[in-house]
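Please read the following briefing alongside the sequence and the coordinates. Topics are taken in turn, beginning with the contact between the chains.

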Amino acid sequence: MLIKSKDATRRGLLKGILRGGAVAMALPLLDIFLDDHGTAMAATGDPLPTRFGTWFWGLGVDHEIFTPKTVGANFDLPPQMAALEKVKQHINVFTNFNVLTDGKPNLCHFSGWVALRCGAAPGARGELPAESLDVPIAAAMGGGVRFRSLNMAATGVPRDSYSFLSGDAINPPEVSVVELYQKLFGAEFQDPNSSNFTPDPRVLLRQSALSSVKDEAKAFENMLGAIDRQRLDQYFTSVRELEKRVELQLQKPPPAPACVMPKAPAADLPIGLDIELVTERHKAMTDLLVMALACNQTRVFNMVFSDSFSALVRKGSERTHHILTHEEPIDPATQVQPHASWFVERSMEAWAYFVEALAKVPEGDGTLLDHSLVYAHSDCEFAKVHSLDGVPMFTAGKLGGKVKTGMHIDGNGDPGTRLGYTVQRLMGVPIDSWGNQSLKTSREIGEIVA
Amino acid sequence: MSAPVKNWTKPVRAALIAFSCLATVGATGPSSTSGGADPSLRLISVSQYRNILQSVFGADVLPKVRFAPVKRTDGLLAVGSSAAVVTPGVLDPLDSAARAVAERVVDPLHRDTLIPCKPASASSADEACAQRFLSRVGLMLYRRPMTQQELTEKVMLAGKAAARSKDFYSGLATALSSMLVSPNFLFIRENAEVDPARPGQWRLDGYSKASRLSFFLWDSAPDAELLTAASRGDLHTPEGLKRQVERMTASPLLTRGARAFFTDFLALEAYDNVAKDPVIYPAFTQKVAQDAREQILRTIEDHLITRGEDYRDLFTTRRIMLSAPLAGIYGTPLLAGPSEWKPFDLPADSPRAGLLTQIGFLAQYAHPGRSSPTRRGKGIREVLLCQHVPDPPPNVDFSIVEDPNAHFSTARQRLVAHNTDPTCRGCHMMTDPIGLGLEKFDGAGQFRATEKGAAIDTSGNLDGAAFTDAIGLGRALRDNPTLKSCISNRLYAFGVGRPLTEQESEVVEQFPAVLDKSGYRFKDMLRLVIFSPSFFAIKPQKGPAMALLTEQNHAH
């Protein structure tokens with residue numbers, strides 16, 4: 001028996017649970033999940049899910065060895081991008097796009113990423129003038145998954161997040177591999193490919209608990225002034241998110257052929273910003289994220305490899321990446337700071353790992369990456385001078401055929417917000433312009449739109 | 001001096017007289033109606049959360065819970081909490097923790113001690129027992145009696161859940177878990193009411209005053225006695241307020257309040273991510289990092305609470321608290337057992353004295369692989385003196401420092417060269433002459449006589465006070481007038497948990513005039529804050545009174 005209707009499922013469960021025990025429903029695992037074209041779910045006719053994510057690394061690049069000499073398809077890969085060779089066909093690289101501050105100060109390692117995330121340059125450190133673009137994208141993509149978005153910081157530092165509603169409302173990152181695993185694949189995870197679906201009878205109790213919380217919140221709200229009411233509204237929204245997650249637990253999750261529950265990590269990695277350690281944490285988090293996507297636990301994610309003031313460091317060196325960008329002389333022959341540049345190369349290796357991890361998961365007529373769009377960027381171009389001209393950006397993935405890849409796009413000095421705008425449009429955010437003042441744009445980067 | 005200040009000075013002085021000679025406190029507030037703030041709505045902190053649950057249910061029900069960081073505002077997370085927003089990512093771990101706590105409270109191991117009654121049948125609802133438990137717990141969690149409606153709803157929730165699960169305890173856990181994610185628990189909401197004693201003016205209600213006091217002094221919710229005092233209206237009378245403040249400042253729980261304040265003030269949460277290069281600083285292990293943070297707090301506790309010393313002397317004292325892992329780094333004899341803390345007096349010839357020379361401070365304001373006079377100087381300016389060091393300009397010229405032929409051995413040589421650039425010099429002159437005073441301590445806080453074979457010059461001056469070494473820097477800081485206004489300001493802001501109003505800033509400006517005479521003893525500073533006329537002052541609220549919790553609709 002395959003129960004398709006949500007209501008029927010819930011009623012059946014309610015009856016079962018009210019009889020005093022859990023209902024174990026044996027559901028046949030479909031041999032073929034997808035239609036003949038491999039582009040839609042056979043059972044429902046729904047298109048394959050799409051995903052959106054961001055990836056961040058700090059302290060930019062070295063123009064001389066990063067920027068490809070040729071534009072368009074078949075662009076050359078300069079030394080700093082060498083690690084991207086194997087994923088080149090999956091990505092686009094964007095250079096010569098600028099962040100303009102309209103007379104506001106260039107707040108070092110801050111203005112650049114803030115503008116590229118929310119479309120507006122901040123007036124002061126700590127100020128986040130608008131919500132980050134992953135927020136409206138998550139809203140446009142709707143629910144149906146356990147987590148509206150998943151935030152991770154490979155640095156292990158709880159403040160390293162580039163996803164936010166405002167300066168007072170940061171979406172906190174997961175910083176521990178063990179905790180991330182527990183959140184995704186702990187007791188509440190329901191294997192979509194399990195033939196048995198046994199909803200936890202405690203789910204109904206949880207629903208009534210959350211419903212009671214909402215009642216309390218309504219009474220609570222009446223006691224507040226206008227600003228605090230807005231804050232409570234956000235709390236209320238968060239409770240609703242929990243409710244939706246609980247509702248999902250009452251439904252048999254749709255099958256997900258590539259979903260394989262990963263092994264629990266044995267222990268957490270020690271804290272610290274040693275680059276080997278951060279790389280290892282990034283890999284572990286990426287692997288869990290990829291499986292979370294394949295298992296339909298979330299569709300939106302934000303990964304931080306290193307923060308904008310990156311203090312990543314090589315064991316035995318007294319200078320962090322950030323110190324090196326300022327103190328290391330530029331080699332006159334190459335126009336590069338060799339030791340600082342070494343960290344950029346490691347960042348590109350991590351980015352390649354991330355893209356490849358998504359590309360390794362088969363899905364329908366392609367891979368998980370083919371149905372995803374990842375937006376990656378840094379906080380500046382050349383960290384030594386904190387340049388906001390040419391802040392490097394990437395995309396990865398074809399978003400189910402909506403995005404062309406394998407190209408180098410030269411922005412000719414256009415506002416970098418053009419990419420954020422394009423990305424939001426592609427993800428279905430109903431806007432006809434994005435950003436403010438000189439960063440305002442209503443021009444998509446047409447070259448990548450299929 | 002502007003007019004309002006004059007209006008406020010007298011009550012501040014009166015407050016001091018009141019607490020110092022045990023006279024009646026004139027704490028009914030200023031005659032002016034211009035003062036006062038709006039009631040605040042603060043998100044509870046992780047330590048407050050843990051302290052409340054520990055006092056209600058005991059330490060063994062506490063789960064591991066991660067609170068999302070709030071924005072540090074005006075130097076304090078406590079101030080940021082008054083604007084903090086609960087996004088799904090913030091609520092998630094709190095929800096998991098709530099369920100874990102509720103399950104532990106009702107499990108067979110704990111139920112007999114934590115639940116004051118037994119149900120008629122363990123497999124069905126028991127309204128009377130649920131009501132007894134939930135009203136008692138609700139009083140502590142919500143910091144006020146639950147309203148009749150709230151209690152009825154929770155008892156009904158417990159009943160329905162018990163019927164559904166055929167388990168009384170499961171029902172109770174369901175109701176408890178909902179209370180633990182309720183805004184009434186997670187937010188500290190202040191409530192204003194019309195002040196019957198002063199027509200046209202408003203005041204915080206008794207329970208809001210009780211929460212102010214207990215979160216400030218104990219980093220936790222009010223205890224039963226304080227709640228009783230609130231219910232009787234005692235906190236609206238000078239005598240009643242004084243009685244409670246004296247009780248609370250005499251309680252051992254004051255230590256918790258002091259630890260919470262200094263953890264926030266000194267930004268010690270940064271320690272959660274302090275790690276040093278294992279090749280350069282092999283002695284600085286994770287255990288050392290944890291103990292370094294704990295050492296700061298224990299030394300403060302010993303100095304301010306146990307011994308009642310002056311805050312300023314924290315920067316010159318030779319008495320420190322020591323653990324075995326730290327003894328190695330300090331090069332002192334091993335006095336303490338593996339998990340013990342013992343006081344230790346640094347010898348007169350030690351290069352260390354005062355908080356600035358504790359490895360906690362030295363390592364926090366440094367890089368993973370080397371010291372940083374700029375960070376240390378900035379830490380002293382921004383944290384201990386409440387000053388703002390501007391951001392560096394984006395296009396800094398490091399060409400002199402970068403000269404590979406220059407061969408700088410010491411940080412001073414590097415920074416002196418760097419500061420020949422006038423655009424850098426301005427800000428670096430705020431930080432470096434101070435930070436260089438600590439250069440005989442490396443990035444892990446270990447003493448060194450030389451750097452790369454070169455002698456280290458630790459002379460400098462702090463706002464005109466010259467010193468030759470770290471101990472002299474501590475003395476200069478101890479005598480710096482800004483140290484006094486900074487601690488006054490931060491302590492007051494921590495107490496109210498929101499940004500100061502203009503009037504409050506004027507009140508706080510008067511504190512040093514009072515404390516200079518009495519000394520900056522922690523309890524005296526606390527009393528000065530609490531008995532200041534502005535501490536509980538509330539701005540007249542617009543429109544009709546908000547739906548107030550009155551005595552009549554409280555459940556008993």
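Two residues are in contact if their C-beta atoms, placed from the backbone, lie within 7 Å. By that criterion, 62 residues of chain A are in contact with 56 residues of chain B. This is a predicted model, in which local features need pLDDT of at least 70 and side-chain atom pairs count only at pLDDT 80 or more, while totals for chains, interfaces and linings use all residues. Residues are numbered from 1 along each chain as its sequence is written, and chains are lettered from A and ligands numbered from 1 in the order in which they are written.

**Interface between the chains**
- On the side of chain A that touches chain B, α6 (202-221), α7 (226-248) and α9 (321-327) of chain A each supply at least two residues, where helices (H or I, at least four residues) and strands (E, at least two) are DSSP runs numbered from the N terminus.
- The largest share of that side, 10 residues, comes from α6(A).
- By class, that side has 29 nonpolar, 19 polar and 14 charged residues, with Ala, Val, Leu, Ile, Met, Phe, Trp, Tyr, Cys and Pro counted as nonpolar, Asp, Glu, Lys and Arg as charged, and the others, Gly among them, as polar.

**Sheet of chain A**
- An open sheet of 8 strands with mixed pairing runs in the order β3-β14-β4-β13-β12-β2-β9-β5 (chain A), two strands being paired if DSSP finds at least two bridges between them.
- β3 (72-73) and β5 (150-153) of chain A stand at the edges with a single partner strand each, so one side of each has no neighbour in the sheet.
- β3(A) pairs with β14 (residues 407-410) of chain A in the antiparallel sense over 2 bridges, and A73(A) stands opposite M407(A) in β14(A).

**Domains of chain A**
- An automatic or database domain assignment supplies the bounds, dividing chain A into domain 1 (51-188 + 256-448) and domain 2 (201-248).
- The centres of domain 1 and domain 2 of chain A, taken over C-alpha atoms, are separated by 32 Å, and 4 residues of domain 1 are in contact with 5 residues of domain 2.

**Positive phi values**
- N96(A), although not a glycine, has a positive phi of about 65°, and N96(A) lies in the loop between β4 (91-95) and α3 (111-118) of chain A.
- A267(B) likewise has a positive phi, near 55°, and lies in the loop between α13 (254-265) and α14 (286-306) of chain B.
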